[in-house]
Amino acid sequence: MSAEQAEHVLEVDSLSVEFSTPAGPLQALRDVSLSIAEGETLGVAGESGSGKSTLALAILQYLDSNGRITAGDIMFDGSSLRFRSARELRQIRGQRIAHVPQNPEKSLNPSIRVGEQIAETIQLHQDLPNQEVSEKVTAILEEVGITDPEYNADRYPHELSGGMQQRILIAMALSCNPDLLILDEPTTGLDVTTQANIMDLIADLKARRNTSILLITHDLGVIAETADRVCILYAGEVMERGTTRTVFEAPSNPYTRGLLAARPSLDETSITGIPGGLPDLHDIPSGCIFADRCEFSTDACTKDPIPEMEVSSDQSSRCLHWETVRDTPLEATTTEQRDYEPGDTLLEVNALKKFFGDESFLDRIFGSEPPVKAVNGIDLKIRESETLGLVGESGSGKSTLGRTIIRLLEPEFGEIKFRGRDITEIDQAALRAFRAECQVVFQNPDTSLNPRKTVYQILHRPIDLFTDLEGDAIDQRIIELLEDVNLSREYAFRYPHQLSGGEKQRVSIARAFAANPSFVVLDEPVTALDVSVQASILELLARLRDEYDASYLFISHDLSVVNHICDRVAVMYLGKIVEVGTTAEIFNPPHHPYTQALLSSVPSIESSETDDRVLLEGSVPSAREPPAGCPFQTRCPKKIGDVCEEEHPPLEAVGDGTGSHMIACHLSEEEMRDAVSSAQSPN
């Protein structure tokens, strides 16, 4: 074993992976090489379908039965993993190489307490007495930031938040002190503060344990803040590699440029999706795999295979025109609100409340837990042609508010006025008419689209229910809807399982617009999508908003996305609105301390000499028993004393006093501005 090999914990050498499918062999990975040194983090980025998770499973020798490695080798600690026996691999997996899969809800056993699941991993690889195993479970839970570890070890997965579930998976992976940790989309679907905490946890564990990390994600901001080097993967091939800062500051591959241009940020509102889609990996085109989507492509790009070319000592690119790409600057854009003219108030919410688990008469006699105050007195207005963003951590009540507004859930108290009429007091005929005008797009199209219906049947139903169209007119409307969302008419006869994630979401959007709605609730519509698909969906939503003259309630935990598409923003915490204003007002001080924490937690690809992240201690309190006074006072880094604990601050106008920007905080406007300046100043 050479000295160079000894320095690397992992070396992947010219790896190719193929899957047997009814349509023929699918070449998922082709000639992929990478290495990870001891204590180093390598980020792997690319669109969905690029082969990122396949790479992780190939390293673990954990491919599905129809998958096989056709070429190359995987060296771990200087020895090949390819031809190890099943027994040898079981000893390595979990003990020396640990894997944190993407979805903790699917990865954790719902019927076993989380402490037992961690203990099982320890017992499998270490011969320790039960008492020592129990102590180790408690210690590892403390290490990954789980408060009250003895109590939470006794919880089932569904009793924990998404962030805590992700920490449990990381604890399980670290329980045997592995040399290599493979993290597959560890922050996808998490709100920004939880995501920031997980990223800080990963960085802290790496520093204390000197663990090598393979970080797989489509979020370039997460890679920029966590990884030492980055490898850009597209359709099974490495397109660019190098130090993270070099690649992101001076990309030398058109695909890397495309990913960067598609990523929304807090500083820019202009994003551009990469045109086209991934090629058919059953039939690999000649030449560059990205040529048909590339703005720099020439005839030479489609003839012969393109090798990786050395750009510098710490960067390489699979591109014939890498010099032109590198020397062509990415177009900078400035944040500007869209030019629109909002009309009259379309929807108005006054003192709205929605509780879950109301006490019965017997409950009050014999005792029970109080109800969950998911929405606890909300006032909002949305005007015609306007997009209002609703942001906040998971558990803040955002989705409940959206569903209550369109009466998928019945409110406990308050008014919901649509075009001046209180829809909480209308009959079924009027409610049917209201629902024809008000539609919803849910976060996960896998669960919101009927898997047994074709796209034609899915779109046919709302047209039949809410319009007067019949026969051929319905067929024509379905074709129009598919064209509106950039899908061909052939998609009408496909089932959801035959569509990609982005295509499914386009069908969901087409269904929402089938009855020409005036108002659409968009509940996390792009959360689980990669940056390029996300950009195309956001462009689609902006276009449809203008074409249909529709208003949106855009629910999201991603403030970069909100900055791109929303005209105004409301910040929600524990069932209440703590700040509301135009997008420009929300993204510039003064901020509510909670808004400042959310903004500071958004990962960025820009280098920064100061660490201005506002870390929030603990999690969102129980909505069954929210704190007295300000709902944020238990976590607020700017808490000023008894007044925060005893008095609930009203929403009051700041700035020019017009009332467009309102904040509920006991701090003065000057104190809020000073808090932002203090957080952003060097330590």
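Me: Two strands pair if DSSP finds at least two bridges between them. In what order do the eight strands of the open sheet with β18 run?
Reply: The order is β18-β19-β20-β15-β21-β22-β24-β23, with mixed pairing. Strands (E, at least two residues) and helices (H or I, at least four) are DSSP runs, numbered from the N terminus.

Me: What sort of model is this?
Reply: This is a predicted model, where local features need pLDDT of at least 70, side-chain atom pairs count only at pLDDT 80 or more, and totals for chains, interfaces and linings use all residues. Residues are numbered from 1 along each chain as its sequence is written, and side-chain values use heavy atoms, leaving out hydrogens and water.

Me: Which strands sit at the edges of that sheet?
Reply: β18 (438-441) and β23 (652-653); each pairs on one side only.

Me: How do β21 and β22 pair, parallel or antiparallel?
Reply: Antiparallel, over six bridges between β21 (residues 568-573) and β22 (residues 576-582). Valine 571 has glutamate 579 in β22 as its bridge partner.

Me: Which strands does helix α15 touch?
Reply: Helix α15 (residues 398-405) packs on the sheet and touches β15 (387-391), β19 (519-523), β20 (551-555) and β21. Contact means heavy atoms within 4.5 Å. The direction of α15 makes about 150° with that of β20. Axes are lines fitted to C-alpha atoms, for helices over the stretch in contact, and angles run from 0 to 180 degrees between N-to-C directions.

Me: Switching to α21. Which of its residues are buried?
Reply: Among them are Val531, Ile537, Leu541 and Tyr548. Buried means under 20% relative accessible area with a 1.4 Å probe, protein chains only.

Me: And what comes just after α21?
Reply: Aspartate 549, which takes a positive phi of about 55°.

Me: At what angle do α19 and α21 cross?
Reply: Roughly 130°, and their axes come within 11 Å. That makes α19 oblique to α21, since angles under 35 degrees count as roughly parallel, over 145 as roughly antiparallel, 65 to 115 as roughly perpendicular and the rest as oblique.

Me: Which residues meet there?
Reply: Arg477, Leu481 and Asp484 of α19 meet Leu540, Arg543, Leu544, Glu547 and Tyr548 of α21.

Me: Back to sheets. In what order does the open sheet with β6 run?
Reply: β6-β7-β8-β3-β9-β10-β12-β11, again eight strands with mixed pairing. β6 (97-100) and β11 (309-312) are at the edges with a single partner strand each, so one side of each has no neighbour in the sheet.

Me: How do β7 and β8 pair, parallel or antiparallel?
Reply: β7 (residues 180-184) and β8 (residues 212-216) are parallel, over five bridges. Serine 212 in β8 is the bridge partner of leucine 180.

Key:
Buried means under 20% relative accessible area, exposed over 50%, partly exposed in between (1.4 Å probe, protein chains only).
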